[in-house]
Amino acid sequence: MEKIVAKKKFGQNFLKDQTVLQKIVEAMPNNDNKIVEIGPGLGDLTKYLVDVKSVEAFEVDTDLCKLLQRKFDKEIATKQLQLNCGDVLDAWQGSLIEESYDLVANLPYYIATNIILKALADPKCKNILVMVQLEVAEKFCAEEGEKVFGSLSVITQSVGNAHIVVKVPPTAFEPPPKIDSAVFLIEKKTDRCDENFEGMLRVAFKQPRKTLIKNLSVIYEKTILQEAFLELELAPSIRPHQVSTVDYHQLYNKII
């Protein structure tokens, strides 16, 4: 088999560490959902996934698509693996596939956040178990009061529960990236559905060092904000990362 060189334009870092691959499989939710894998790469995770479930994979790199078609010819023939060659974002209109699925993937860093947010909004996606850069994983999994708690944290907590499964060093990849990575799991209870609420969050966290009321006063009446803060017993000096997800929803309902 010819040697495949990772392409920078696709953000390719192939996960080779067998221990980490096993931990991903072990962390998969126990259900009957199909698996969607985005960016299967050389198929190192795919080979474990097709052993336990039916998989639908999306690969943008045409060279890797040809390799995967040869490597998994039996699984493709038996429909244990359905391989889609092309940009997953082009195929993702509403729901990515027509049945309930869990997203399990080592995501390319350059589109990871966008992919996760689309999965959070997709009613067919029930769980998200993905490898991303550590900094991004921490933002999705952060708790109120932590410095990295932000709009991604609130969106995630509004949808379900999230936690980091394992942190992964650069040496687990070929070629090794310059940053640490992490596998994290989001167990969804509902879907993203309120664009206006998320618009408020973007304003709230735009300047995280400023007070929340100062940030929000850019687009909301200050007197209305002051009344809402008083009712919710939020101090005027409170910073965006110090407010809970529940309070953000209550605040939104009072100021819209």
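Hi everyone, let's start with the rings: there are four aromatic pairs in this structure. Please keep in mind that we are looking at a predicted model. The pair I'd like to show you is Phe149 with Phe205, an edge-to-face arrangement with 6.4 Å from centre to centre and 70 degrees between the planes. Where do Phe149 and Phe205 sit? Phe149 is in the loop between helix H7 (134-141) and helix H8 (151-159), and Phe205 is in the loop between helix H9 (195-204) and helix H10 (212-216), so this pair ties together parts that are 56 residues apart in sequence.

Now let's zoom out to the domains. How many residues are in contact? On the domain 1 side there are 11, and they meet 12 residues of domain 2. Between them, the two domains bury about 900 Å², with 66% of that on carbon and sulfur atoms. Our friend Phe149 turns up again here: together with Glu144 and Val154, Phe149 supplies 43% of the area that domain 1 buries against domain 2, more than any other three residues.

What about polar links across this interface? The search finds zero salt bridges between domain 1 and domain 2, but there are three residue pairs in polar contact. By class, the side of domain 1 that touches domain 2 is made up of three nonpolar, five polar and three charged residues.

If you like salt bridges, the structure as a whole has seven. One of them joins the side chains of Asp44 and Lys16, at 3.2 Å from N to O. Why does this pair tie together parts that are 28 residues apart in sequence? Because Asp44 lies in the loop between strand S2 (34-38) and helix H2 (46-52), while Lys16 lies in the loop between strand S1 (14-15) and helix H1 (18-26).

As a reminder, most residues other than glycine have a negative phi, and most peptide bonds are trans. Lys79 is not a glycine, and yet its phi is positive, about 65 degrees. You can find Lys79 in the loop between helix H4 (73-77) and strand S4 (81-85). Then there is the peptide bond joining Glu174 and Pro175, which is cis, with omega about -10 degrees. Pro175 is in the loop between strand S8 (173-174) and strand S9 (181-188).

Technical notes
Residues numbered from 1 in each chain as written. Predicted model: local features only at pLDDT ≥ 70, side-chain atom pairs only at ≥ 80, totals over all residues. Heavy atoms only, no water. Contact = heavy atoms within 4.5 Å. Buried area = accessible area lost by both parts, 1.4 Å probe. Salt bridge = Lys/Arg side-chain N within 4 Å of Asp/Glu carboxyl O. Polar contact = N/O pair within 3.5 Å; in protein donor to acceptor, adjacent residues only side chain to side chain. Nonpolar A, V, L, I, M, F, W, Y, C, P; charged D, E, K, R; others polar. Phe/Tyr/Trp six-rings, centres within 6.5 Å; stacked < 30°, edge-to-face > 60°. Helix = DSSP H or I, 4+ residues; strand = E, 2+ residues; numbered from the N terminus.
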